[in-house]
Amino acid sequence: MPASAFSARVQLCQLPAGATGRVCQLTGDESFCQRVREMGFGEAALVTKISGTTTSLCLVNGTRIALNHRAAMSIMVETLPALPAGKAE
Amino acid sequence: MKLPSHITPSARRRTGPASDRSPVYAMVGNPNCGKTTLFNALTGLRQKVGNYPGVTVEKKIGTAWSQHGKPIQVIDLPGAYSLAARSPDEAVLRDVLFGRREDTPQPDRIICVVDAANLERNLYLVHQVLDLGRPVIIALNMMDMAAAAGMKVDAAELEGALGIPVVACEAVHGKGLVELRLAMSRAELPLARHSWDVPVAVAPAVAELQASLTDHDGRPPLIARAEALLLLTDFDTVRVAGSKPLSGRTHGILDHWRRRWEGEGADWAAALIRSRYEAIGPLCRQAVVRTREQGPSRSDRIDAVLCHSVWGWVVFGAIMAALFFSIFSLAEAPMNFIDGRVAAFGSWVKDAMLAGPLRDLLTDGIIGGVGSVIIFLPQILILFFFVGLLESTGYMARAAFIMDRPMSKVGLNGRSFIPLLGSYACAIPGIMATRTIENAKDRLVTILVAPLMSCSARLPVYLLMIATLLPGDTVPAGRKAGIMVLMYALGTLGVFSFAWVFKRTLFKGAPPHMIMELPPYQPPRFMEITRHMAERGWLFLKNAGTIILAISIVLWFLSTYPKLPNPDATKTEQIAHSFAGQAGHLLEPVIKPLGFDWRIGIGLITSFAAREVFVNSMGVIFGIENAEDDNVPLRDAFRRATWPGGAPLFTPLVCLSLMVYYVFAMQCMSTVAVVKRETNSWRWPLFQIGYMTGTAWLACFILYQIGRAFGY
C-alpha cells in the first residue's frame, strides 16, 4: 500500500461505519494493548468498522469484534480508501 | 536467533506417555471454537455448550475410548486467546497446562481445537502451546463455517508444515470424530517441527529467565521457558506466576530487562507477539485458499439490524416482552393441569386414609407444600427455553454489545452483562460466568449485583402474588405480564444503581476496556435447548422432591406442634401456638411496618434456603389453616387470610410489597456459598446479605407506608 493511500490518523471510534483503516498505534494500558495484539488486532492489522460510535463493531481478520468506547479510543488507525467487500481481511 | 533445539525440535521425534497408563489429554483453544461440543462428542458427556465466548469457565474431565477400547482421560478447559491469562477462567487453562493445579493431572498430550474460519488468530495460542514441548493434535473444527466464509483450509498442508497430526472436523455434525479418535489412540505422537525466531534482543532475556525459573523457582525446563516468554509478554508477575511468588533472583532479572528495554525505548513485549504472528502468517498462506471473495455475510446482515442503535433496542425489548408474555399465556394450560392433578391426588389421599397426624402430614405438609411449588414447572421450562435460544443463536453476545452503553454509565462494560443476563435463569452460573471478566474490581462488583437480577426461583413467588393480586382467568395475560416485567425491571434497576454506587465508593477505578468477539449467528440447536430444559426441569423437581420435601415435613411439624390443650381452638390459633408460630411472632414487630404478619414471617425465614420455599411454606401453613376445606388454591387461601381484627392480610399493597421484598432480598443459601467460593472470603457474601436484605426492607417500608398514606 503506497503511503499516499493513507489519509488521516483517527481513533477507531471516529472511523466512519463502512470505512477501513490500518491500526497504527495502541495507546491504552499495557495489558489491554497486549491482549489486542494477541487477538490479531495489533499494529498493521486491517480493520473495517461495521457500525457504532459509543460501542464499535468491527471486522478484523474475518472476525466481528465489539469494543467499548474507551477501547476504541485507545486504537489509532490510518484510514484507507474504501475496499471492495471482503478485501479488508 | 534460533531457540534451543530441544524446545522446538527441527528433527521429528516421537513421544508417548511415561508409563503404560493411558495418556491424559487436555483440550484447549480460543473461546467459542467448539471445544466443549467436541469434548461432549468424544466423551458422551453433556456439558453445557453455547454460541458465545465464556460458556466454559472451569475444567471438566471425561473419559473417551481409544480404538482399542482403552480409556483416555480428556480435560476440557476454558477458552483463552493466549497463555498470558488475564481473567480467572484463562488462568485455569494456563495452570492446568503448567501442572500447577493439585486437583488435576498435568496433561501428557494436548488437543488444540482451532476454528478453521479464524485460523490465524487461533494459531497464536497453538504456537504458545507448542512451546510446552508436549505432543499436540490439532482439531481443525468448524470446517463448514470456513467453507461458508469462502475459505478452503487444507489440513494436510498444515500437518506437513507443523509435523503434527491435524484432523479436519465439524464437531457439531459429528464429522472427523473417528479420525480424531484414531489420532488420540496412537501410542506415540510426533513433536512439532515448527520453529520460530525469538527476536534477537529478547533471546538472552528468555534464556536468563528460563535458567532462573528452573534453578530458583523449581520449574521444569520447558515450563520455565514458556513462563519466561509469558513474563516478557506480561510484566505482571502475579498474573503470570499465580499466587506462589517468584524468587528474588527471577524478579531481579525481570526488572533488569524491563528497565533496559524502557531505557532503549523498545517495546519488545509487543515484538514477541509480532514475531509469533510473523511465523503464523506463512502457515496460513500455505494452508488457506480463498475460493471466492466474500461479501457481507448473513451474520453481517442480521447484525445490521440487531446491533443498530435504534432497531437493536427495539428487538431486544421485543424478545424480553415475548419472554414474559409467553410465561403467562403458554404456561396457563399445563399449570392448571398440574394444579388439578395435585389437588385430586391430595383429595384421594385424604379419602383413602383415616384422619390423624399421618394423613395431615401427607396432605397438608407434603402434598400441599411440594405441590404448591411444582405447579410452576411450566414457567421455569419456558424461561429456560428462551435463555437457551439466546445462548445457542449467538444473540447473548449481541445483548452484551447493546447493553455496553448503559453499563458504561455505571462504570462497568457490556462484558458484565452476559453473567447478568444468565442470572435471569439462576444467579449461580451467572456468578461463575464472571470469571471471564478481566478486571478484579469489575468482577467483584458484578458478583455483588448479579443476585439482584430476578432468577427463576423468584418466578413462583411473583406468579403466586400476581394470581392473588389479579384473580380469575378473565384478566388479560398482558396485565399480569406487565406486573412481572415491572418486577424484572426493578431488579435490573437495582443492578445498575448498586453497580453505580459500588464503582464510586468501594471499587473506584477507571471504566474498563471491553473487547469481545461476536460469534456468527447459528440456527437454534433445539436438541441442546430441550436437553438443557429437561436438565433444569429435573433439577427443579429434584429440589422439590428433596430440599422442599424435607422443609415441608419440618415446617409441618413446627407448624403443628406443640398442640393447644383446647380442642376447640381454631386452626389459626393452633398455628400461632406452634413453634413456627412463636418464631413468626418474634419476627412480626420487624416486618409489620412492611405489611407482613407472622405467617408471612415464617415464609421469609424458611425461604432463606431458596426463594421458592416461600410458596411451599405458605402452602403448608395455609394448607393447615384450610384443612377442612379441600382443594383451596393457595391464592384463594391468601384472599381469605385476615389480620386478628378482620382486615384482609393480602391486600394489593401487601402483594406488591412482598414481590418487591423478593426482588431485593438475598434469599438463597446456594448463592451465598458460591459467592464465598468465588471471592474466597466470607466478607463479601455477608456484605451481600446485609445490603440486599437491608434494601429489601427499606424499599418495602417506603412502598407500604406511602401506599397506606394514600389510602391503599
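Sheet and helices in chains A and B

Helix H5 of chain B, residues 155-162, lies across strands S6 and S8 of that chain and runs at about 170° to S8(B). The model described here is a predicted one.

The sheet to which these strands belong is open and has six strands, in the order S3-S4-S2-S5-S6-S8 (chain B). Its pairing is mixed. Strands S3 (60-65) and S8 (166-168) of chain B stand at the edges; each has a single partner strand, so one side of each is left without a neighbour in the sheet. On average, neighbouring strands of this sheet are turned by 25° against each other, direction ignored. In general, strands of a sheet pair through backbone hydrogen bonds, and the pairing is either parallel or antiparallel.

Within this sheet, strand S5 (residues 109-115) of chain B and strand S6 (residues 136-141) of chain B run parallel and are joined by six bridges. Opposite Val114(B) stands Leu140(B) in S6(B).

Another helix of chain B that lies across strands of the sheet is H1, residues 35-43. The strands concerned are S2 (24-29), S3, S4 (71-76), S5 and S6 of chain B, and H1 runs at about 45° to S3(B).

Helix H3 of chain B covers residues 119-130, twelve in number. From its first C-alpha to its last H3(B) reaches 16 Å, close to the 16 Å expected at 1.5 Å a residue. This helix is mostly covered, with eleven of its twelve residues buried. Among them are Leu119(B), Leu123(B), Leu125(B), Val126(B), Val129(B) and Leu130(B), and also Arg121(B), Asn122(B), His127(B) and Gln128(B).

Further along chain B, a pair of helices can be followed. Two packed helices are described by the angle between their axes and the distance between the axes. For helix H15 (residues 357-374) and helix H24 (residues 547-560) of chain B, the axes come within 9 Å and cross at roughly 135°. That angle makes H15(B) oblique to H24(B). The crossing of H15(B) past H24(B) is right-handed. On the H15(B) side the contact is made by residues including Leu361(B), Gly365(B), Ile366(B), Gly369(B) and Val373(B). On the H24(B) side the contact residues are Ile548(B), Leu549(B), Ser552(B), Ile553(B) and Trp556(B).

Chain A has two helices and six strands. Read from the N terminus on, the elements of chain A run β-β-α-β-β-β-α-β. Of the 89 residues in chain A, 54% are buried. Among contacts in chain A with a separation of 6 or more, residues 24 or more positions apart account for 62%.

Key:
Residues are numbered from 1 along each chain as its sequence is written. Chains are lettered from A and ligands numbered from 1 in the order in which they are written. This is a predicted model: local features need pLDDT of at least 70, side-chain atom pairs count only at pLDDT 80 or more; totals for chains, interfaces and linings use all residues. Side-chain values use heavy atoms; hydrogens and water are left out. Two strands pair if DSSP finds at least two bridges between them. Helices (H or I, at least four residues) and strands (E, at least two) are DSSP runs, numbered from the N terminus. Axes are lines fitted to C-alpha atoms, for helices over the stretch in contact, and angles run from 0 to 180 degrees between N-to-C directions. Contact means heavy atoms within 4.5 Å. The expected span of a helix is 1.5 Å times one less than its number of residues. Buried means under 20% relative accessible area, exposed over 50%, partly exposed in between (1.4 Å probe, protein chains only). Angles under 35 degrees count as roughly parallel, over 145 as roughly antiparallel, 65 to 115 as roughly perpendicular and the rest as oblique. A crossing is left-handed if the near helix is turned anticlockwise from the far one by less than a right angle, and right-handed if clockwise.
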